[in-house]
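I opened this notebook to record what I looked up in the structure, entry by entry. The sequence and the model come first.

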Amino acid sequence: MDEILTAMAKEDAQLTAAKRAYKSAKEEGNRQEEARWANVIGDILKNRGEYVEALHWLRRDYEISVKYLPEKQLLPTCQSLGEVHLRLQDFKEALTYQKKHLELAKDGEDLIEQQRASTQLGRTYHDIFLSSDGDHSAVRNAKKYFNSAMQLARELKEDSPGGKYSFLKEYIDAHNNIGMLEMDLDNLEEAKKILTRGLEICDEEEVGEDDDGRSRLHHHLGIVYMEMREWDRAAEHIRKDILICMRIGHRQGEAKGYINLGELHYRIQKYDKACRCYQKALELAKSMEDEDALVAQINQNIRTVKQAIKVMRELKEEEQNLKKLMRRTERGTARERKCLLQQNASLDRLIDMSNSIFAWAEGQALAKINIGDVLDCDGDWRGALSAFEEGYR
C-alpha cells in the first residue's frame, strides 16, 4: 500500500506541473505547446487508469492540432487516442484513430510512426480476437500488423547503429507481441521460442533489469510455462514481471502479474495463496480510476477460488461418506443392492463436484485417484486400476 501511495503522490505532482504548463501555453497563445501539454496530461491520466478523463485532454490536443497545426502534429495525437480507446475496449474508435495514424505516417513516409501504428493495430485486432468466438479475420489482421511492425523495427534498428535512438525497444516489443499471439493460438512451443529470444536480445543489448519490455516478456512466458504445466519456471517469470512493474510504478501490469500468480496457485490447489494474490491484484486495480473490467475479472477469480475451497471441503466429506458406505456393505445379503446403489450415487456426486470447479482439469483427476484409493481399500482392484488409469490420463 505504501508503494501505491508513493506512486500516486509522484503522479499528482507531475499532473499539477503539466496542467500549469498547459495553462501558461494557452495564455501565451502557443498552440503547439498547448497541444503538447494536453497530450502529456492525457498520457499521465492514462497511466493512472483514468481513461475517461484522459480522453477529455487528448481530444483537446486533437482539436487544437487539426485546427492550428501541420498535419504531421496529428501523429502522436492519433496514437494516444487509439491507445486509450483500446484500453476502454472501444475497438471501433481505436481502429479509426490507429488507421488514421498509419495513413498519415505512410503519407509522410515516416517509418517510425508506421511501426508504432502497426503495433497498435496488431494489439487492437488481437484484443478483438480474444473477445470474440474465434474471429479468424481478426487473427489474420493481428498477424499482418505484428509482422509488419517486427520488420519495420528490424529495419530501423539496423539503420541506426549507435544512433541517438536504436529502436531496440520496439524490436523487443515486437517479439513479445508475436509470442503473445502464438500463445493465444495455443502454439506454446513457438511462443516460448519467440519470447525467450526477446529476453536473449535484452541480455545481448544490456537492457536494464527494470525495463518494461522485459516485464512483458516475463509476463507472457509465465503464462506459457503455466499452460505447459512447468510450475516452477512459470512462477519464476511471473514474479520477475511483478517485481519490475512494482519498481517502475506500473500498477496495471503489477495487478495483472498478481492475477497470473493467483491463477498458478489456484491450479496447483494452493487456494489460500491464490486468494492473497487476487486480493493484492484487487487492491491495485481499485487504486486506478477506470479499471472496472479488471476489477470485475479479479472478483470473478476470487469467487471461483472460494467455490473451489467449498467444493473441495464437500468432496472430502463425500469421500468419507463413500468409505463408510463401502465398510457397511454386506456381501451376499439383501442389503447389498441398496448399499451398492448408495455407493454409485456417492461416486456420481464426487465426479459432479470435481466437474463444478471452473477450469480445473486437475479436480477431475484428483477425484478419480481418490475413488481409486477407496476401491483399492475395499478390495476392488480392477475398479481401482481403472480409476487410477483414468485419473493419470
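I took contact to mean heavy atoms within 4.5 Å. With that cut-off, I found that Leu294 touches Gln252, Ala255, Lys256, Ile259, Ala285 and Met288, leaving aside residues up to four places away in sequence.

I noted that this is a predicted model, in which local features need pLDDT of at least 70 and side-chain atom pairs count only at pLDDT 80 or more, while totals for chains, interfaces and linings use all residues. Residues are numbered from 1 along each chain as its sequence is written, and side-chain values use heavy atoms, with hydrogens and water left out.

I looked up secondary structure as DSSP runs, with helices (H or I) of at least four residues and strands (E) of at least two, numbered from the N terminus. The protein has 17 helices and zero strands.

I checked burial next, where buried means under 20% relative accessible area with a 1.4 Å probe, protein chains only. Of the 393 residues, 47% are buried.

I then searched for nonpolar cores, that is, sets of buried Ala, Val, Leu, Ile, Met, Phe, Trp, Tyr and Cys residues joined through side-chain atoms within 4.5 Å. The largest has 66 residues, and Leu294 is among those with the most contacts inside it, as are Tyr125 and Ile172. Helix 13 (residues 271-286) gives this core its largest share, nine residues. A second, separate core of 20 residues includes Ala18 and Ile44.

Methods: Buried means under 20% relative accessible area, exposed over 50%, partly exposed in between (1.4 Å probe, protein chains only).
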